[in-house]
Amino acid sequence: MDGYTDWQRKSVATHELGHALGLADHYSTYLYDVMWGYTDSRKASVPYAHDQATYYSLWG
């Protein structure tokens with residue numbers, strides 16, 4: 001992650017942690033979610049409603 005800003009590193013790390021928790025990438029309308037699949041547009045570093053709902057459907 002050389003050349004990434006602190007925000008980008010946090011965003012990528014949070015996304016990868018989502019994978020470790022069993023969440024998959026998605027490419028739907030939730031482009032601000034942690035699990036949005038396109039790294040060049042990753043914007044989230046905290047889970048939003050869609051990420052949370054997916055997590056709870058697996059682990060809740």
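Here are some notes on the model, point by point.

1. A word on the ground rules. This is a predicted model, in which local features need pLDDT of at least 70, side-chain atom pairs count only at pLDDT 80 or more, and totals for chains, interfaces and linings use all residues. Residues are numbered from 1 along each chain as its sequence is written, and side-chain values use heavy atoms, with hydrogens and water left out.

2. Let me begin with the charged pair. One salt bridge is counted, under the rule that a side-chain nitrogen of Lys or Arg lies within 4 Å of a carboxyl oxygen of Asp or Glu. The partners are Arg 9 and Asp 6, and their closest N and O atoms are 2.8 Å apart. Both sit in helix 1 (residues 6-20), and because they are three residues apart there, about one helical turn separates them. Helices here are DSSP runs (H or I, at least four residues), as strands are (E, at least two), numbered from the N terminus. Asp 6 is exposed, with a relative accessible area of 62%, while Arg 9 is partly exposed at 33%. The cut-offs are under 20% relative accessible area for buried, over 50% for exposed and in between for partly exposed (1.4 Å probe, protein chains only).

3. Next, the aromatic rings. The model has two aromatic pairs. Tyr 27 and Trp 36 make a tilted pair, with 6.3 Å centre to centre and 55 degrees between the planes. Trp 36 is buried at 10% relative accessibility, whereas Tyr 27 is partly exposed at 47%. Tyr 55 and Tyr 56 form an edge-to-face pair, with 5.3 Å centre to centre and 75 degrees between the planes. Tyr 55 is partly exposed, with a relative accessible area of 30%, and Tyr 56 is exposed, with 53%. For the rule itself: rings of Phe, Tyr and Trp (its six-membered ring) pair if their centres lie within 6.5 Å, and planes under 30 degrees apart count as stacked, over 60 as edge-to-face and the rest as tilted.

4. Now to the largest pocket, which holds about 180 Å³ of space. Its lining includes Thr 14, Leu 17, Leu 21, Val 34, Asp 51, Tyr 55 and Tyr 56. Helix 1 and helix 2 are the elements that give two or more residues to this lining, and helix 2 gives the most, with four. A pocket is taken on a 1 Å grid over the protein atoms alone, as an open set of points where a 1.4 Å probe fits, with protein on both sides within 12 Å along at least five of seven lines; lining residues have an atom within 4 Å of a point. The volume is the space filled by probe spheres set on the points, which are joined across faces, edges and corners.

5. By class, it has eight nonpolar, three polar and one charged residues. In this scheme Ala, Val, Leu, Ile, Met, Phe, Trp, Tyr, Cys and Pro count as nonpolar, Asp, Glu, Lys and Arg as charged, and the others, Gly among them, as polar.

6. Asp 33 lies in the loop between helix 1 and helix 2 and is buried, with a relative accessible area of 6%. Asp 51 belongs to helix 2 and is buried as well, with 3%.

7. Two other residues of the loop between helix 1 and helix 2 are Val 34 and Leu 31. Val 34 is buried, with a relative accessible area of 4%, and its C-alpha lies 9.0 Å from that of Glu 16. Leu 31 is partly exposed at 33%, and its C-alpha is separated by 20 Å from that of Thr 5.

8. Finally, Trp 59, in helix 2 (residues 49-59). Trp 59 is exposed at 56% relative accessibility, yet its side chain reaches the backbone oxygen of Leu 21 at 2.6 Å.

Note on methods
Polar contact = N/O pair within 3.5 Å; in protein donor to acceptor, adjacent residues only side chain to side chain.
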